[in-house]
Amino acid sequence: MNANSVSSRIQLALLLLFLQSGILGQTPNERVQSITSALQDREFGKALQSVQSALQGSPNNPQLWMLQGLAYSGTGDSKSALGSYQHALKISPDYLPALEGAAQIEYEAGSKDAIPLLEHVLKIRPNDVTSHAMIAVLAEKNGDCATAVSHFSKSGPILDSQPEALQGYGVCLLELKQTDEAIQVFQQLMTSQPNDTRCRRALAAIQLAAGRPQDALTTLQPLLASDPDVSTMRLAAAVYEANKDTPNAVKILRDAIVKDPRQTALYADFAELAMDHQSFQTGVEMIDAGLKLQPGAAQLYVARGVLYVQLADYDKAGADFEKAEELDPKEGMSAAAQSMLAEEQNQSDPQRALATVRAKLAKQPQEAFLWYLQAAILSQNSAEPGSTEFQQGLDSAKRAVTLQPSLIAAHNVLAKYYFAAGQNELAVKECRIVLEKDPSDQSALYHLVIALRKTDSQGEIPDLLKRLAKARQEATRLEGERNRYKLVVSSSEPTK
Amino acid sequence: MTISRRSFVLLSLCASAQQLVGQDQGIASRNIAAQPKPAPSGRPFNARFTDVAKEAGLHAPIIYGGVDSKKYILEANGCGCAFIDYDNDGWMDIFLLSGTRLEGDPPEATNRLYKNNRDGTFTDVTEKAGLKAVGWANGVCVGDYNNDGFDDIFCTYFGQNRLYRNNGNGTFTEMTREAGLLDSGPARWGAGCAFVDYNRDGHLDLFVSNYIRFSFEHAPVPGEKSTCNWKGVPVNCGPRGLPTGRHSLYRNNGDGTFTEVTKQAGIDAATESYGMTVVAADFDEDGWPDIFVACDSTPSLLFMNNHDGTFREEGVTRGVALSDDGMEQAGMGVGIGDYNLDGHLDLFKTHFVSDTSGLYRNDGKANFDEVTRAAKTGVETRFTSWGAGMVDLDNDGYPDVFFVTGSVYPEVEKTLPQYPYKTPRVLFRNLGNGTFEELESQAGEGIMAAHSSRGCAFGDFDNDGDLDILIVNMNEPPSLLRNDLQGKQNWLKIKLEGVKSNRSAIGARVIAHYGNKVQAQALVSQSSYYSCNDPRLHFGLGASTEAAVDIYWPSGLHERIQQISANQLVTIRESTGIVPNRGWKR
């Protein structure tokens, strides 16, 4: 929402309202006319003098306080302006021009305090699209997408001229998994700004996330037809892969690497592609090439270490994880990887793996993934609920989800602990958290079915069973797709 | 929650927490690590198993597909076997199924019936009995479908299944056509089967699971698709990537014929499964038989009996369809028994290499909890596992778990020697506290010997009061593991004879009370892997010298027999009680 345009619109509205209202009946006409004339002529100092003089005679007149607010606003003294509006509202809480004036100032400051004022406006004038739009923008900035979407949807055509607000609307719809609606919003944006590359990429990304890779490719085509930037090429690689066109995914990723060989994310993308296609050695070779150019890229060492693990080359994997930690000690991923490696190497000796995880945790107690790992390793021992080991595992899982609520693996393992302890309600809650993030998570769906079986709320089970069946089929299908190609490294390496 | 090598993808891809299953192959396996083995209990195990097949005269190899490589999955899954007293002489005879070869039928390729000579040896009476048959046989179930007092045989095939009526004179007559069991349309792949009196009319009905809709014409070959590779080695394809089979239920009309009632009974609703071994028993103890089907790489099925001729499939909800983390597994064989002595029928299901076999505890209402790790059977993931039993091998009163193993990919070990084709048998002794201990050399060379085995059946072929094991080995003669049990543990065998119920009493549930223990067993016509056990229910009694038994007959009748002395076979006739044994000699 463009603050200036809204501001001028509101000020104009205030003046018009003021001039048309009957409030002048309580104030000497000449004095008020002099104030409004001064405001219209942008003689804010003069207006201020007049209004302050009038207030001495009528200190409980909300209209005069509101006019003072307008005058202060004109001088750029927002604080005093806000104080004036607030004073007017103390006298007359439903006084619309003061509400709008105060809301405008709070909105421009990006303050949440604008929201109750705007809501108050909406109580008086429920169809005020500007107030809806302003609440929506603020809510979106505050991460409250549910509120944002609710108000955006009532903002009407005012959004057409507000591309940033429209983009926020689209992002929130995506956040709420209303992907079809999000796509519509971004398509609207694209219509108004066909040459906006970022907007086009965003639309393609949403289409990809919505499982419409063919639409995403169509959206990207104009960009790909010219000289795409590396960000577009990265996205295009993902789109090609989703379209089962692995050769083109590989090609464009290679082209991107040639174009910007120092961008480490591209090598990581390639490694991911290699991982998906079980082409681990190919992934290693590409990362090798990246490391020649970016020997300090910790992320690449982690990625290569992961590939080495797939090849069961644990020594090399361990060396890479250690190197990553050395290069970026604060980067928790390498510590987590080292811990997982310990687990992998010591499958028959979980205590040893646990010792590694605990050593890492001592250094990085805020690393959620390590707490998750500890919980997962402990859960493999099927300790009896009530035992020390069980409690440690449960506590670790709780800690992991507290530190990183988005770590759904940890929610899954926590659900399993609750399930084992017979705390079905809590298990159900954790499963639902997982499913909110990933509606097709098979473990969560299954645990939810089993947990609900043991409760009185079994009505949901048939639908969950259908979802589980669909998730299984989809997982099988995707795995089949991934294995259609094996990647190989060609002789051409980036040389820049 | 298990961490595996592929869990690293969580790190690299910042992926969702969805468990990453090893679906990069034709058969589902979770690729998980075994749980650590606990310290040995140090307790003696008195059973020793010796393979006496050769001395017993079981010389003929069981032909099944290629020896060094297998082009199609049809060659890989093998077949079952049965202990059957076909001549009612009180001694268990042996029936072994057989496959053939793609390039043509070798002379040895036939199912075989071996008559028990009552001296530890057997005589091949296949031809005399009229049972010579060549083809791709898979499963066998045994039961007296015409209630004439002689057990009949049903065999599943890729192609046409076969019903053999026991004529009571040492011969059988194939009655498939007369019984109305001929298939029409393309060849089906009959897999598991079970005689089950689902409508409690006293006549054994027939359930047949089907594996794949397979045709040589359309089947892909090794390496052709993603489901035709295993760890980078081209192998036979499937079951993933191939169309699923359709299961069938046939109602016995009581006149020697059957009518297919698959649709009416609601069985046809389960369309997305690769069905294998079938076990029919009353899992929810409501007096009506339910049907469990172990399924390969798809959720296993549990058909609950609605008491009105129909079933509802509830495997997932009841906890026996998927792993405890909701993943598909390669369900092959099934053991049924009461491992925790709570009077309810539990299940043990075998799976593919790099996965645990699953132990499922029944609460008596057919709600199952997977207790694999809690029971410590999760210590073993090295082998692809097949025929299984939950049987008391040392007569200590606690059912043990035994299963046979063997890879489906003979060509792999040339490239990956860590995955041999022939692998040993697995024995978990029940420690009596809800957990098991894996035994290897302690149980004799018969356990340690490596074969690529499939079906196995449990029975007392030498009538010496302990359970022996008959095993199908691929392209080798079978194994007959004689149990040479030491010590003074007691036992009891129960032979049931239905009157209002079907004559074989298949579907009966028996609860033995001995000492302060209770143990449930079910009389089923198929379990293990496509196989049929000795129909005489065998209870180890430990130190107890007598037992009482509750019999829940398939007709709905409940009878209790008190104070039965140990170390004997008793035959119990429905509504009559104990009657003289037929031909039982020790």
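What share of the contacts in chain A with a separation of 6 or more is accounted for by residues 24 or more positions apart? In this predicted model, such residues account for 47% of those contacts. The secondary structure of chain A consists of 27 helices and zero strands. Of the 496 residues in this chain, 47% are buried.

The buried residues of α5(A) are A:Ala81, A:Leu82, A:Ser84, A:Tyr85, A:Ala88 and A:Leu89. Viewed down the helix axis, these buried residues fall within an arc of 160°, and they therefore line one face of α5(A). The elements that cover them include α4 (62–75) and α6 (96–108) of chain A.

Helix α22(A), residues 368–379, has twelve residues, and its first and last C-alpha atoms are 16 Å apart, close to the 16 Å expected at 1.5 Å a residue. This helix is mostly covered, with twelve of its twelve residues buried.

Residues up to four places away in sequence aside, A:Ala410 touches A:Ala368, A:Tyr372, A:Ala375, A:Ala397, A:Ala400 and A:Val401.

A:Asn412 is located in helix α24 (residues 408–420) of chain A. This asparagine has 31 other C-beta atoms within 10 Å and is therefore buried, the threshold for burial being 20 or more. A:Asn412 and A:His447 are separated by 35 residues in sequence, and their C-alpha atoms are 8.7 Å apart in space.

Chain B contains sheets. Strands of a sheet pair through backbone hydrogen bonds, in either a parallel or an antiparallel arrangement. One open sheet of chain B has four strands in the order β2-β3-β4-β5, with antiparallel pairing. At its edges stand β2(B) and β5(B) (122–124), each with a single partner strand, so one side of each has no neighbour in the sheet. The twist from one strand to the next averages 20°. Four bridges connect β2(B) with β3(B) in the antiparallel sense, and B:Cys81 has B:Leu96 of β3(B) as its bridge partner.

The loop between β2 (81–84) and β3 (93–96) of chain B contains B:Asp85. With 22 other C-beta atoms within 10 Å, B:Asp85 is buried. Apart from residues up to four places away in sequence, B:Asp85 touches B:Gly90, B:Trp91, B:Met92, B:Asp93 and B:Asp151. B:Asp205 lies 120 residues from B:Asp85 in sequence, and the C-alpha atoms of the two are 21 Å apart in space.

Another open sheet of four strands in chain B has the order β34-β31-β37-β38, with mixed pairing. Its edge strands, β34(B) (537–542) and β38(B) (577–579), each pair on one side only. Neighbouring strands of this sheet are turned against each other by 35° on average, direction ignored. Strand β37(B), residues 568–573, runs antiparallel to β38(B) and is joined to that strand by three bridges. Within this pairing, B:Ile578 of β38(B) is the bridge partner of B:Ile572.

A further antiparallel pair in chain B is formed by β28(B) and β29(B), residues 468–473, over five bridges. Strand β28(B), residues 453–459, is mostly covered, seven of its seven residues being buried. The bridge partner of B:Ser453 in β29(B) is B:Asn473.

Key. Residues numbered from 1 in each chain as written. Chains lettered and ligands numbered in written order. Predicted model: local features only at pLDDT ≥ 70, side-chain atom pairs only at ≥ 80, totals over all residues. Pairing = 2+ DSSP bridges. Helix = DSSP H or I, 4+ residues; strand = E, 2+ residues; numbered from the N terminus. Axes fitted to C-alpha atoms, helices over the stretch in contact; angles between N-to-C directions. Expected span 1.5 Å × (residues − 1). Contact = placed C-beta atoms within 7 Å. Arc of directions from axis to C-beta.
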